[in-house]
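Work through the exercises below with the model open beside you. Try each task before you read its solution.

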Amino acid sequence: MDARHDASSNIKLLDSFYRIFLILALVFLCIGVPFVFYRKLVTAILTSAQVVIILSLWRLSRSGKPELSLKLFASFMWVLLVGLIFFGLPPITVATAVAIAMMLCIVTSIQLGTLFIATYMLAWGSYIVLSKLGLAPEPYFINRPAVSWFIAAFAAWLVLVPLPGLVRSLRKANSLQRATIEATADGILVVSGGKVEICNRRFIDMWRIPPAALAPDSDDVLLNTVIDQVEDAQAFLAKVQYLYEHPDMSSNDIVRLKDGRIFERNSLPQRLDGKVVGRVWSFSDITASKRAEEELRIVATAFESQEAIMITDAEQVILRVNHAFIDNTGYDAHEAVGKTASTLLRSDRHDDAFYTAVQHAIQRTSGWQGEVWCRRKNGDIFPNWTTVTAVKGNEGQTTHYVFTQTDITSRKSAEEEIRHLAFYDPLTQLPNRRLLMDRLRQGLAASARSGHEGALMFIDLDNFKILNDTLGHDNGDALLRQVAERLPWSVRNCDTIARLGGDEFVVMLEDLSANPAEAAIQAEAVGEKIIAALNQPYHLVGHQYHCTPSIGVALFGAPMNSVEEVMKRADLAMYEAKAAGRNCLRFFDPEMQSVVTAHAQLEEELRQALDLEEFRLFYQPQVDDAGRLTGAEALVRWQHPQRGLVGPLEFIPLSEQTAIILPLGRWVLEAACKQLVAWAGVAGTAHLTVAVNVSARQFRERDFVAQVKAVLDKTGAKPQRLKLELTESILLDDVEDVITKMTQLRAHGVGFSLDDFGTGYSSLSYLRRLPLDQLKIDRSFVRDVLTNPHDAAIVRTIVGLGKNLDMKVIAEGVETEVQWRFLQELGCHAYQGYFFGRPVPISEFGRASDQRYAAGAA
Ligand SMILES: Nc1nc2c(ncn2[C@@H]2O[C@@H]3COP(=O)(O)O[C@H]4[C@@H](O)[C@H](n5cnc6c(=O)[nH]c(N)nc65)O[C@@H]4COP(=O)(O)O[C@H]3[C@H]2O)c(=O)[nH]1
């Protein structure tokens, strides 16, 4: 303890004071006792009795009961003095009695002292009054100095009797105060009159007070040291100032230090006899508790988070739940607390084995997380993402469990939605290609295991594109939905029905006979049922529509089948069905495989042929009504090194499938334009046009218009002499784009002819919007025009249509003069066919056409 005025110095003073008086008292007794023995025996006995009493009191005070000793002494003195007063008291005795009274006041109690003095004064006053009235007895001890001396010594000695006890108790109180003030965890500072009275070591440590700051004269330096450290010096000082101005006030506040510590400051006035004599300041470092409080606040906030939290004891009896838990489960806190988690929330979605496994996991790893289906109060079952954490005690034993739960109902349905979108066709809700491939993979594996055959059926709707174009996409979609509804009629639940896209559906049959022939029969039966189901009329908005399917079937079961292989086989078989006239079913047979292989080989050869420039352009004459040569159609040939001259029907379809048509088409266009330029240089051929076939894939190229213009620019051919022959299949694509491209090229001077007209499904509305110059009647109508009145009628209609639309009409495939004449009669304007000339190399073109011209003109 540090103090400007140490209380123990007062006690020391009192102690020395007592010793001096003790010595003096003994001296008095030593002198008084011989007097007593010399004078009178009775007096000596009385004195001895007094000494015995005093010694008893002395022992009493020394034995740790100074107050009792003092009280007995006071009573004794009171009796003695009151008695003595009436026998007359010497002045020294009076003085001693007053001193004793004062001592009693201080040491025992004010009341006792006051009573003593009052009694004494009353007795003394009565004696004076009685003596004035002449009624007072003669003082017995007057003129008996020895006795007076003795009484005085005895009284003095008596006064000092309690002093050792008093001193000891003062010292004890002082040491207690010192120990207490040092033992407290708070920093204590006592100031009085602007000076530091006491401060403890804790205070010095807390405030890091340098020794110089503890100046005895003023607390200014100390105050400055403290102020330097606090965050808000102004507020701190204001509070100090306020308390100085209001000494009666107590205060309690928080002081934040610059270094982050937080002190709680208490201030109490120090009172003495009800009067404020100083102020006690105590400071507790509450940094840790404040932090803990903050942490508790964070924990409390976290507890009331979005996630449902449930705290249980080690037996999983619920102790606490948060609001999210209440919202999540529907149970109020009082309904949940006291129950076990499993009785409250367990659903029958999981079996006992699941819960046992979870318990084991928690015991093993002190935690677990996963999906748990729980039951709400209203009985609803819902999925929760649950995390269980074991809380461990000091000895490592589990004391509590914290369960956090997130309701993942919406997440699960979103996942389900995503899964559905990823694996199901949004239009028909059937599995899509991805899911089909997966199921097919599983089906192949199962089939390989069981030895049973499976069958994959590719179903393509015949002429679906026509429906789409003519009746609109909404009706197209409606038809597809109805097909999807009908397909399950013909298959078992375990079979898979999928939509690959467009009008392509797939049915996968599993677990057919182990015998391939029997399996084929089973598959065929299902296929026939499907055909029958899909042949039934469809109810579309405002229409009753008829649609047929073409079905390709591939059996799978042999271990060597891969998913891709089976798909390819079924696809090929489906094309076979189409080729066989549609609305029928075809099986993939091994011969088809050789076609596939041959295709692959041809593809490679075509690529090489392009590099080796093995393609040739043949020209077939086109003539007018009078048989005069007007131009030619450029037809490509492949000069194969081994196979000789190969016709386009053998390689154009594959070229279209593999994109080889793009470079090949550019080559044809360029060669034809070069020929135009060559013709332009000769007077007799300058008027000739050239018709170039453009495949749909070529035309679909984004920069097709630019490509054509570039070739015209490069070769210098006149656009007006170039005629692009398009097939109706280009109209299956984006018609607006087709019109835009045609219009752009038409504006440049390029003409267009619609090839194979009559075989496709051009809608008249489109036809009107296309900037066409010419319709080309397909040679299939020309072939039988003379014999088949139906074909003749078609030709007549096309000619009429051409007139209406202001388009020329050219008939191709004219092989005989009779046909020519008949076509002339029907109103045709232009002709192409073997009758006028076959497709020939350019070297032979002029000659052949001259002859034919002559023949035609004749
Ligand atoms: N029976 C008979 N046939 C006749 C007669 N007159 C002409 N032909 C044949 O009819 C086809 C007319 O060509 P296409 O309809 O454009 O049909 C063409 C065309 O679609 C395609 N093609 C030919 N060259 C090209 C080309 O450079 N590019 C594109 N994309 N396709 C081409 O190949 C198809 C077949 O061409 P080719 O075999 O040259 O067959 C030619 C021609 O030889 C006749 O009086 N009787």
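The model is predicted, so local features need pLDDT of at least 70 and side-chain atom pairs count only at pLDDT 80 or more, while totals for chains, interfaces and linings use all residues. Residues are numbered from 1 along each chain as its sequence is written, and side-chain values use heavy atoms, with hydrogens and water left out.

**Exercise 1.** State how many helices and strands the protein has, and what share of its residues is buried.

Solution. Begin with the elements, which are DSSP runs numbered from the N terminus, with at least four residues for helices (H or I) and at least two for strands (E). The protein has 32 helices and 28 strands. Next, apply the burial classes: under 20% relative accessible area is buried, over 50% is exposed, and partly exposed lies in between, with a 1.4 Å probe and protein chains only. By these classes, 45% of the 858 residues are buried.

**Exercise 2.** Find the strand order of the open sheet that contains S9, and describe how S9 is joined to S10.

Solution. Two strands pair if DSSP finds at least two bridges between them. On that basis five strands form an open sheet in the order S8-S7-S11-S10-S9, with antiparallel pairing. Its edge strands are S8 (318-321) and S9, each of which pairs on one side only.

**Exercise 3.** Decide whether Gln620 is buried or exposed, and identify what its side chain reaches.

Solution. First locate Gln620, which belongs to strand S19 (residues 615-624). Gln620 counts as buried because its relative accessibility is 7%. Then look for contacts, meaning heavy atoms within 4.5 Å: leaving aside neighbours within four places in sequence, Gln620 is in contact with several residues, including Gly631, Leu635, Tyr834, Gly837 and Phe845. Finally, examine the side chain of Gln620, which reaches the backbone oxygen of Gly837 at 3.2 Å.

Key:
A polar contact is a pair of N or O atoms within 3.5 Å; within protein, one must be able to donate a hydrogen and the other to accept it, and residues adjacent in sequence count only if both atoms are side-chain atoms.
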